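Colleague: I have a model open and want to learn how to read it. Can we go through it feature by feature?

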Amino acid sequence: MDGERFGRRVRAFRKLKRLPQAELANRLGISTTSLGRIERGEKVPNSQFIAKIAEQLNIEQQELIGE
């Protein structure tokens, strides 16, 4: 999976849902810095964490992954 593309999708869906980065990070139990790294494509989470992100954004995992 392309980390940069995944990160852009996370950021786009977060903004579409009008969630501040700090709020989503809090819901995920991670720091804002860690979420920023994911959104910039510097870190690609494992499949379990991707499922957690999708759940918090109220979207399907496939929408988030873009496949």
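Colleague: Which side chains does the polar contact of 2.6 Å join?

Modeller: Keep in mind that this is a predicted model. The polar contact of 2.6 Å joins the side chains of Glu39 and Arg14. Glu39 has a further partner: its side chain makes a polar contact of 3.0 Å with the side chain of Gln21.

Colleague: Where is Glu39 found, and is Glu39 buried or exposed?

Modeller: Glu39 is found in helix α3. Its relative accessible area is 2%. The cut-off for buried is under 20%, so Glu39 is buried.

Colleague: What does Glu39 touch, not counting residues up to four places away in sequence?

Modeller: Glu39 touches Gly7, Arg8, Val10, Arg11, Arg14 and Gln21.

Colleague: And Arg14: buried or exposed?

Modeller: Arg14 is buried, at a relative accessible area of 8%. It lies in helix α1, residues 3–16. Set aside its neighbours within four places in sequence, and Arg14 is in contact with Leu19, Pro20, Gln21, Leu24, Leu35, Glu39 and Leu57.

Colleague: Now helix packing. What describes two packed helices?

Modeller: Two numbers do it: the angle between the axes and the distance between them.

Colleague: What are the angle and the distance for α1 and α3?

Modeller: Helix α3 covers residues 32–39. α1 and α3 pack at about 120°, and their axes are 7 Å apart. That angle makes α1 oblique to α3.

Colleague: Which residues meet there, α1 to α3?

Modeller: From α1 come Gly3, Phe6, Gly7, Arg8, Val10, Arg11 and Arg14. From α3 come Leu35, Ile38 and Glu39. By class, the contact of α1 with α3 has four nonpolar, two polar and four charged residues. The pair Arg14 and Glu39, joined by the 2.6 Å polar contact, belongs to this set.

Colleague: How do the axes of α1 and α4 cross?

Modeller: They cross at roughly 20° and come within 10 Å. Angles under 35 degrees count as roughly parallel, so α1 is roughly parallel to α4. The crossing of α1 and α4 is left-handed.

Colleague: Which residues make that contact between α1 and α4?

Modeller: On α1, they are Phe6, Val10, Phe13 and Arg14. On α4, they are Ile50, Ile53 and Leu57. The contact of α1 with α4 has six nonpolar residues, no polar ones and one charged residue.

Colleague: At what angle do α2 and α4 pack?

Modeller: Helix α2 (residues 21–28) and helix α4 (residues 47–57) pack at about 125°, with axes 10 Å apart. That makes α2 oblique to α4. α2 passes α4 in a right-handed crossing. Leu24, Arg27 and Leu28 of α2 meet Phe49, Lys52, Ile53, Gln56 and Leu57 of α4. The contact of α2 with α4 counts five nonpolar, one polar and two charged residues.

Colleague: Where are Arg18 and Asn58 found?

Modeller: Arg18 sits in the loop between α1 and α2. Arg18 is exposed, at 74% relative accessible area. Asn58 is in the loop between α4 and α5 (61–65). Asn58 is exposed too, at 63%.

Colleague: Last topic: separation along the chain and in space. How far apart in space are Val44 and Phe6?

Modeller: Their C-alpha atoms are 7.8 Å apart, while 38 residues separate Val44 and Phe6 in sequence. Val44 lies in the loop between α3 and α4. With a relative accessible area of 39%, Val44 is partly exposed. Phe6 is one of the α1 residues that meet α3, and Phe6 is also part of the contact of α1 with α4.

How values were computed:
Residues numbered from 1 in each chain as written. Predicted model: local features only at pLDDT ≥ 70, side-chain atom pairs only at ≥ 80, totals over all residues. Heavy atoms only, no water. Helix = DSSP H or I, 4+ residues; strand = E, 2+ residues; numbered from the N terminus. Buried < 20%, exposed > 50% of the residue type's maximum accessible area, 1.4 Å probe, protein only. Contact = heavy atoms within 4.5 Å. Axes fitted to C-alpha atoms, helices over the stretch in contact; angles between N-to-C directions. Parallel < 35°, antiparallel > 145°, perpendicular 65-115°, else oblique. Left-handed = near helix turned anticlockwise from the far one by under 90°. Nonpolar A, V, L, I, M, F, W, Y, C, P; charged D, E, K, R; others polar. Polar contact = N/O pair within 3.5 Å; in protein donor to acceptor, adjacent residues only side chain to side chain.
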